[in-house]
Amino acid sequence: MAGILDLLNSDLGKTIISGVAGSTGQDTNKTSNVLTMALPVLMKAMERNASTPQGAEGLMGALSNKHDGSILDDLGGLFSGGVNADVLQDGSKILGHVLGSKQGGVEQVIGQKAGMDAGAVGDILKTAAPILMGVLGKQSRANGVSNQADISGLLGGLLGGNSNAKEQSFLEQILDADGDGSVIDDVAGMVLGATNNKNSGGLLGGLLGGIFGKK
């Protein structure tokens with residue numbers, strides 16, 4: 001199964017990136033960087049949520065109904081003239097459900113790395129979240145997802161089943177942001193700690209490079 005970052009490198013992914021950038025008024029390269037960092041974080045959060053029977057049932061219900069993948073059928077129409085308010089409202093609800101109280105901290109960390117304020121990151125994620133759910137819905141139908149093990153396997157496959165422990169740990173750390181910015185201090189500590197290691201070009205850079213394909 002292709003991973004979520006493979007999607008961003010595909011023709012569909014390029015259409016999504018350019019459409020989200022145009023709809024939010026953001027630079028295309030920065031939008032690409034934000035999505036490359038944010039989508040694995042959102043996927044990891046969904047994987048966490050789906051680790052309980054109730055969470056898995058809720059996600060499967062959403063993917064089989066509202067988020068069945070049909071949003072991908074007319075991305076040109078979606079982005080033409082700007083994404084409509086209903087889609088943005090849906091995106092806001094998705095982020096609130098998936099990230100909960102961690103949303104502000106996640107947006108702040110990603111914004112700092114991408115060179116963008118947290119509010120702009122939030123706009124990008126609100127636009128992209130329904131599309132991500134559409135991708136999951138289409139994959140869910142294609143793979144006949146019908147139970148908790150299936151949905152966990154789907155999410156794990158899209159995240160990349162071979163991700164190493166450091167990458168997984170970093171995703172977990174971002175998701176442990178509580179909205180007060182403290183996780184940024186933790187990340188800064190990781191970078192500063194790595195400067196004393198002559199064999200490391202910077203722990204954070206290495207982790208982000210491994211997860212997000214950026215060196």
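Q: Which elements each supply at least two residues of the lining of the second largest pocket?

A: A pocket is an open set of points on a 1 Å grid over the protein atoms alone, with protein on both sides within 12 Å along at least five of seven lines, and its lining residues have an atom within 4 Å of a point. Here α3, α4 (53-64) and α6 (85-99) each supply at least two lining residues, and α6 gives the most, with five; helices are DSSP runs (H or I, at least four residues) numbered from the N terminus. This is a predicted model, in which local features need pLDDT of at least 70 and side-chain atom pairs pLDDT 80 or more, while totals for chains, interfaces and linings use all residues. Residues are numbered from 1 along each chain as its sequence is written, and side-chain values use heavy atoms, without hydrogens and water.

Q: How much space lies in the second largest pocket, and which residues are closest to its centre?

A: The second largest pocket holds about 190 Å³, a volume being the space filled by probe spheres set on grid points joined across faces, edges and corners. Leu59, Ala62, His97, Val98 and Met133 are the closest to its centre among the 14 residues of its lining.

Q: How many cavities of 30 Å³ or more are there, and what lines the largest?

A: In a cavity a 1.4 Å probe fits but cannot get out. The count comes to one cavity of 30 Å³ or more, and the largest cavity, with a volume of about 60 Å³, is lined by Leu7, Leu8, Ile16, Leu35, Leu39, Ala128, Ile131, Leu132 and Val135. The largest share of this lining, four residues, comes from α8.
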